[in-house]
Amino acid sequence: MLNSRKLCARVSLASSHLTIHSFNHFYHYIQIEDGYLSTDSVITNLQANYKLKCFKCVEAYLMSIDLVTTFGENEKYLTVASNSEQIRIYNLESLDSDILLGHESIIICIDRSYYGKWLVTGSKDSNVFLWDIYMEKPRNERYKLLAECIGHTEAISAVALSRKRNQIILTGSQDRTIKCWDITNISIDDVERLTSIYTITAHEIDINSIDVAPNDKLFASGSQDKTAKVWSTAYGSLLTTLRGHRRGIWCVKFSPVGQVLATSSSHTSTVFQVSFITSGIKLISSGSDGLVKLWTIRINSCENTFGNHDDKKDEKYIITGGADSTINIWEDNTKQEIKEKQKANEE
């Protein structure tokens, strides 16, 4: 039985990873490959009636899991924020974990650089930190604070790094502004205190989401004021305002190909996260109903629905978390079962 709790999801396109995260204290990791959903990868021709098997379960938190994102070479590591000032970083192979400290209040948003070595974090303390992560080093040398973005007057609600190269950080705040920060000349020797390139009063009320286009020329913002806006990255000038949602917008996401922007809001239930997969052909969404849905964009159809949480993306893995403070890493054995049935029929 699924409870209606908040579920967030994020897809990591770089290595076909799907990470599902929940406001329920534990999460699962799922793989999909060769046309089959496996709690290990998502592809274009998913089949129905998946058989999912939990092959790892780790007690993780005593609080709700709010954010996850993968990073590092081959998406080997997972960052988890859970309604606290700490970030926990997991090795997805060994499930060893480190704790990253620095913020003084709850971490609300996380993003990673295009090659997965830098993390940017935003917190209720109104600070934005840029981190250099090097997991191959000794434990006490793995994390280095590179820069602090100082200027917002209220909680940071959205952060985004440029996609093609390490050029800018965009931050959104409950002070209703978006700021752009130059990181092209960041030094690894000292902690830099950055000042913004520009500041724009972007929305009438809270900003929930920011995403940068694949070419870094545009960025989009979504707000509780029911609008999404598209901006010039270079100048911070407004290009267009998108209207149509009846409630606040929780997530904006550019397609990895083409000029397409997805926005999510609340209708029968709140859709907290959307992500494009399979080269922009499909969407994964997750929401307050505790369900993850797979959508085919061309025909505007829900292809399948997945749910396995008491409260509720890596195109390679699905990680789910729930109220029992446990991490579950899921593996789909659909393909194996089909082969066994075919073999039995042949015999």
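Q: Before we start, what does "buried" mean here?
A: Happy to start there! Buried means under 20% relative accessible area, while exposed means over 50% and partly exposed is in between. Keep in mind that this is a predicted model.

Q: Good. How many helices and strands does the chain have?
A: The chain has one helix and 30 strands.

Q: And how much of the chain is buried?
A: Of the 347 residues in the chain, 57% are buried. The chain exposes about 15500 Å², and 45% of that comes from carbon and sulfur atoms.

Q: I'm looking at strand S14. How many of its residues are buried?
A: Six of the six residues of S14, which spans residues 168-173, are buried, so the strand is largely enclosed by the rest of the structure.

Q: Which way do they point?
A: Ile168, Leu170 and Gly172 point one way, whereas Ile169, Thr171 and Ser173 point the other way. Both sets are buried.

Q: OK, what does S14 pair with?
A: Strand S13, residues 156-161, pairs with S14 in the antiparallel sense over five bridges. Strand S15, residues 177-182, also pairs with S14 in the antiparallel sense, over five bridges.

Q: Which residues face each other there?
A: Leucine 161 has isoleucine 169 of S14 as its bridge partner. On the S15 side, isoleucine 168 stands opposite aspartate 182.

Q: And what joins these strands?
A: A hairpin takes S13 to S14 through six residues. S14 and S15 form a hairpin too, with three residues between them. In that turn, arginine 176 has a positive phi of about 75 degrees.

Q: Speaking of positive phi, what about serine 126?
A: Serine 126 is not a glycine, yet its phi is positive at about 75 degrees. You'll find serine 126 in the loop between strand S10 (118-123) and strand S11 (128-133).

Q: Is that serine buried or exposed?
A: Serine 126 is buried, because its relative accessible area is 16% and the cut-off for buried is under 20%.

Q: How about asparagine 83?
A: Asparagine 83 has a positive phi as well, near 55 degrees. This residue lies in the loop between S6 and strand S7 (87-91), and is partly exposed, with a relative accessible area of 34%.

Q: Last one: where is alanine 81?
A: Alanine 81 is in strand S6, residues 77-81, and is buried at a relative accessible area of 0%.

Conventions
Residues numbered from 1 in each chain as written. Predicted model: local features only at pLDDT ≥ 70, side-chain atom pairs only at ≥ 80, totals over all residues. Heavy atoms only, no water. Buried < 20%, exposed > 50% of the residue type's maximum accessible area, 1.4 Å probe, protein only. Helix = DSSP H or I, 4+ residues; strand = E, 2+ residues; numbered from the N terminus. Pairing = 2+ DSSP bridges. Areas by Shrake-Rupley, 256 points an atom, 1.4 Å probe, with all protein chains shown as cover.
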